[in-house]
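Visitor: Please take me through this model one feature at a time, with the general idea ahead of each case.

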Amino acid sequence: MPLARRTFLTALTGSALVSCADAAAGREDAAPPAPDAAAAAARRLLGRHAEQLVFTPLPDAGERFRVDGEPGRVRIAGSSPAVQLMGLRHYLKHVAHANISWAGEQLNLPERLPAPPHPLTGSAHVPHRFVLNDTNDGYTGAYHDWAYWERELDVLALHGFNEVLVYTGADALYHRVLRRFGYGEEELREWIPAPGHQPWWLLQNMAGPVGGPVPAGLLARRARLGRRIADRVRELGMKPVLPGYFGTVPPGFADRNAGAHVVTQGEWYGYRRPDWLDPRGPHFARVAAEFYRTQAEMFGPAELFKMDLLHEGGKAGDVPVPDAARGVERALRAAHPQALWVILGWRRNPPKAIVDAVDKTRMLVVDGISDHYPTVTDRDADWDGTPYAFGSIWNFGGHTTLGANTPDWARLYEQWRTRRGGALRGTALMPEAADNNPAAFDLFAELAWRTGELDLAEWFEEWSVARYGGRDPEAVAAWEVLRRTAYGTTREDGWGEGADGLFGARPALTARSAASWSPKQLRYDAAEFESALDHLLAVRPALRTSSAYRRDLLDVARQALSNRSRALLPRIKEAYESKDAAGLDGLSGEWLTAMDLLERLLATDAGHLLGRWVADARAWGASEAERDRLAYDQLSLVTSWGTRAGADAGLHDYANREWAGLVGGLYRTRWATYFAELRAALDAGRAPRPTDWFALEDAWVRDPGELRTRPTGDTYAVAVQVRAHLNGA
């Protein structure tokens, strides 16, 4: 009986979910690279100007592009649609002085596109250009629709990436597979987290719902969306990187499947981890075979599969790790003989026990800490010659902090790439949340396409010209300041991201970071950074009209105001400890005033509205109860993270961010509550009473009040107010 017909009949006997997910995503056809895919993407990105572009293939080997032409007719040849789009980006930057990023764009193009002064050529010197973190579907947004993903994929192709992590729909895949190994439909929905927390379930860190069971209809919709994403990736000439199977099972697998050997995994920051099915045995082989067969039916063909054995404290029990790795590899090869195993380079992962047990030529380590620790000096030795990609995680949890360790990129990437006999084979862009830090995004994307010394001063000057549409001395000066400060940090201090702001911290006079594992001090000079705001405000009016300019102005003004929290809190502490009630009132009032100003600034930009993020989640619910559960899933992730146990273990505010609705909502409520208690304690001559912060946070997450879904106010006008506030503070 055909699969779709068989599952439809199953649905009639009790599970509408299986019918929806299987019928919607169970087709086996997959879209190949489309010959007109680059032209279609250009139309989506450039509108009518795309009519002046002619895209043609380059048939010979290698990933390269060539751009030439006449005014009004620009020819772009490339070896794939994605490479052709990289050629388009090169033309936009260097000839048309335009910019498209995942955070703002500037497309003040002339009516007639200019011709390149000479042919422009470029080629990729590494085969792997991987993008997106395992956590992306959580911290960037688990509830994005196709409109979001369509543009995101166009932008990724435009920047030369060719391997895209696709996790959307993996929940429906596991649900469908495990039904065939003795589990019921509802108990699986109780085991699978809602989408916001699913990345850590796929990493085998946690299981079970945060806010309630995952809705049946949502699984079906995510299966359809995942297929659509994977198809578009292939159409653009990129490759989807899908989750592989490495042993994740719910509790009770051995009870349902006699003879199976399962290793319980304990807890991860207060959450129960999924169990781990021993990869050496026949039960693993059967589950893996069903997993890969079903995955191909639902999401089409793939060559790359992401798997991380025993991630962040997983327990091997009595299973030898090398044998486990060989079992995982054997199952992958049985389903996909030419597959590549993609594994994260993180902390002690992958250990030599894994890389030495498998075929190294069919593994790729995407290194998350190339630019993080100064002790990382020889990845060839660390992984015994396993191919790897130079990677960066410039934010954790989606912090809105601006900056990156770009001097490390400029120095280390080319050095490691050209090392004699070295195994560097790619780049891996993996911030824990996307759609931020646009300068870092553009610079990192170019690494795989350039050779020789990277002059950062020259690069940031060119960036300012394309970013705003023309050369302006104030814009150049602003980005020179930013290059020296937020983008001038290095890994020598042991950090890969900038310090988050204290407005988002749980209140304490001794607070040094909002997230438990973030830098405890600024990594550059705050006063020097603030001068970038003066320069950006002075950019000539003709170059201020784009969303790119407004986004950068907001980011710099936000960061400057946020940085002041680190100077103000010690003064509040001093006033309290000296029992200066008037001083405490004045300084705490100044703190809350700064938060109110920050809220107004953030409210001017749609990308900084918590309300839109929550509305996206609610849109996936089929009933008010479902909408409330999904909103809780989304909101809890960026506040308490979910449970009291997890928050107490350090996860609270891990994903803090300066967004309108958070700053003026939960964050202000916490600090106002804290300051009121400090004042009351001074008046009464007693110690401050402790506050149950988790209870306050959880109550707010369940009822945050009205959250804006549309921007209000003018970014430039409020940025001027921020500058005035900083001058007067």
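Guide: Take burial, where buried means under 20% relative accessible area, exposed over 50% and partly exposed in between (1.4 Å probe, protein chains only). Glu 599 has a relative accessibility of 14%, so this residue counts as buried. The model is a predicted one, in which local features need pLDDT of at least 70 and side-chain atom pairs count only at pLDDT 80 or more, while totals for chains, interfaces and linings use all residues. Residues are numbered from 1 along each chain as its sequence is written, and side-chain values use heavy atoms, with hydrogens and water left out.

Visitor: In which helix is Glu 599 found?

Guide: Helices (H or I, at least four residues) and strands (E, at least two) are DSSP runs, numbered from the N terminus. Glu 599 belongs to helix 22, residues 581-602.

Visitor: How do I read the fold as a whole?

Guide: Start with the inventory: 28 helices and 19 strands. The radius of gyration is taken over C-alpha atoms, and the globule rule is 2.2 Å times the number of residues to the power 0.38. For 729 residues the rule puts a compact globule near 27 Å, and the protein's 26 Å agrees with that. The C-alpha trace spans about 75 × 70 × 50 Å along its principal axes.

Visitor: Next, strand pairing.

Guide: Strands of a sheet pair through backbone hydrogen bonds, either parallel or antiparallel. Two strands pair if DSSP finds at least two bridges between them. Strand 1 (residues 53-57) and strand 3 (residues 73-78) run parallel, joined by five bridges, and Phe 55 stands opposite Ile 76 of strand 3. Strand 2 (residues 64-70) runs antiparallel to strand 3, with six bridges; Arg 66 has Ala 77 in strand 3 as its bridge partner.

Visitor: How many residues lie between strand 2 and strand 3 in their hairpin?

Guide: Two residues separate them, and Gly 72 in the turn has a positive phi of about 85 degrees.

Visitor: Which backbone values stand out beyond that turn?

Guide: Most residues other than glycine have a negative phi, and most peptide bonds are trans. Asp 435, not a glycine, has a positive phi of about 70 degrees. This residue lies in the loop between strand 19 (424-429) and helix 17 (438-446), and Asp 435 is buried at a relative accessible area of 18%. Asp 653 has a positive phi near 60 degrees, sits in the loop between helix 25 (644-651) and helix 26 (662-684), and is buried at 0% relative accessibility. The Asn 349 to Pro 350 peptide bond is cis, with omega near -10 degrees; Pro 350 is in the loop between strand 16 (340-345) and helix 14 (352-355).

Visitor: And how many aromatic pairs does a search of the whole structure find?

Guide: Rings of Phe, Tyr and Trp (its six-membered ring) pair if their centres lie within 6.5 Å; planes under 30 degrees apart count as stacked, over 60 as edge-to-face and the rest as tilted. The search finds 48 aromatic pairs. Trp 268 and Tyr 271 form a tilted one, at 6.5 Å centre to centre and 45 degrees between the planes, and both residues are buried. Phe 390 and Trp 416 have ring centres 5.6 Å apart and planes at 70 degrees, so that pair is edge-to-face. Phe 390 in strand 18 (residues 388-392) and Trp 416 in helix 16 (residues 406-417) are 26 residues apart, and their pair links distant parts of the chain. Phe 390 is buried at 0% relative accessibility and Trp 416 at 1%. Ring pairs also tie both into a cluster whose members include Trp 102, Phe 161 and Phe 444.
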